[in-house]
Amino acid sequence: MKKIIDVNIIATMSAGKSTLVNSLLGKKILPTHAGACTAIVTKIEDNKDDVFKAIVLDKNNEEIVRYSNINYEDMKYLNNSNKVGEVDIKGNISFINFENIVLVLIDTPGPNSAMDERYAEITRKALDNSSESIILFVMDGGTLNNNSQKSFLQDIAKSMSVGGKQSKERFIFVVNKIDEYREDDDDIEKDVLEETRKFLEQTGIEEPNIFLVSAEIALGIRRLKNATGDEKQGFLDEYRYKINKLNSNVQFHLEKYAKLPASSKQIIDKELEAAIRNDDKIEQALIHSGIRSLEEAIKNYCFRFE
């Protein structure tokens, strides 16, 4: 029997949650266009198959349709349908590779959504003190202080107060869109990391595990790596400036802010050393985006169940 570990990815509006999920998958599946708002539950279960298959359920959990190779346009359509309640996808979550563990990424409407009480129930179940699931709470680094976010973080604080160190480690706070800060005007460590820590402590969350990421760049780089021909050139043109921004400015080397055990840090350091040795600017930027550090944090939590 394999152990199933749920990763519940939660955020209020416009934090870049769906982009983060896509960056973990290495491909664009969930809707991320301007104005997009998650309206359905999406579960993505790892089965090491590069083709992503899906079963679509209505709000009574009855099957509507199946997709043999679901894509971004399909998900946009389903997200806008008032008949759809849940999409269950199976495909390759490549950063995780355990023999006895199956990882499931769960994307739900934000805790401030009033569209369906079931969404709130999924969140409550994930926060339950007996749960072994991981909570990834995604925040927009530019808009930390908002009431809908605060009230939910207070619920997280209550859940974290019960249990020991291992219980707290399943809560990961992701500050996204770090690349939108300006090199000359902002200090990432003081203006983002320390301010986030203070903000979380004000809601009752002590010693939070904070990870800074630029999910949009991470996703772009991973799509670039898999592209060919004109598409590859298009990605290079689009992301050249952003890649250079991460590589050329030390304070945007987001992996250095990650709170990881020594063994995980060593993995990241070796990957970076290899990228520098090979003069692989694209791989260097991927590591600096913070996404690899976040993946190592998820893997580190899963190790205890292997």
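**Figure 1. Helix α1 meets helix α7.** T19, L20, N22, S23 and L24 in α1 meet A215, E216, A218, L219 and R222 in α7. By class, this contact has five nonpolar, three polar and two charged residues. Like every view here, this one shows a predicted model. Helix α1 covers residues 17-25, and its axis comes within 8 Å of the axis of α7. The two axes cross at roughly 35°. The crossing of α1 past α7 is left-handed.

**Figure 2. Residue N22 in its surroundings.** N22 belongs to helix α1. Its relative accessibility is 0%, so N22 counts as buried. What does N22 touch, not counting residues up to four places away in sequence? The list is K27, K28, I29, L30, T32 and L219. L219 is also among the α7 residues that meet α1.

**Figure 3. The whole chain, for orientation.** The protein chain has eleven helices and nine strands. It runs to 306 residues, and 52% of them count as buried. Take the contacts between residues at least 6 apart in sequence: 77% of these join residues at least 24 apart.

**Figure 4. The nine-stranded sheet.** Nine strands form an open sheet with mixed pairing. The order across the sheet is β4-β3-β5-β2-β6-β1-β7-β8-β9. Which strands stand at the edges? They are β4 (63-67) and β9 (209-212). Each has a single partner strand, so one side of each is left without a neighbour in the sheet. On average, neighbouring strands of this sheet are turned by 20° against each other, direction ignored.

**Figure 5. Strands β8 and β9 side by side.** Strand β8 spans residues 171-176. It pairs with β9 in the parallel sense, over four bridges.

Figure 6. Helix α10 takes in residues 281-288 and is mostly covered. How many of its eight residues are buried? Six are. They are E283, Q284, A285, L286, I287 and H288. These buried residues pack against four helices: α7 (215-226), α8, α9 (262-277) and α11 (291-302).

Figure 7. D280 caps the N-terminal end of α10. A side-chain oxygen of D280 lies 3.3 Å from the backbone nitrogen of I282. After the helix comes G290. The phi of G290 is positive, near 90°.

**Figure 8. Residue L236 on helix α8.** L236 sits in helix α8, which covers residues 229-248. I221 and L236 are 15 residues apart along the chain. Their C-alpha atoms are separated by 8.7 Å.

Conventions. Residues are numbered from 1 along each chain as its sequence is written. This is a predicted model: local features need pLDDT of at least 70, side-chain atom pairs count only at pLDDT 80 or more; totals for chains, interfaces and linings use all residues. Side-chain values use heavy atoms; hydrogens and water are left out. Helices (H or I, at least four residues) and strands (E, at least two) are DSSP runs, numbered from the N terminus. Buried means under 20% relative accessible area, exposed over 50%, partly exposed in between (1.4 Å probe, protein chains only). Contact means heavy atoms within 4.5 Å. A polar contact is a pair of N or O atoms within 3.5 Å; within protein, one must be able to donate a hydrogen and the other to accept it, and residues adjacent in sequence count only if both atoms are side-chain atoms. Two strands pair if DSSP finds at least two bridges between them. Axes are lines fitted to C-alpha atoms, for helices over the stretch in contact, and angles run from 0 to 180 degrees between N-to-C directions. A crossing is left-handed if the near helix is turned anticlockwise from the far one by less than a right angle, and right-handed if clockwise. Ala, Val, Leu, Ile, Met, Phe, Trp, Tyr, Cys and Pro count as nonpolar, Asp, Glu, Lys and Arg as charged, and the others, Gly among them, as polar.
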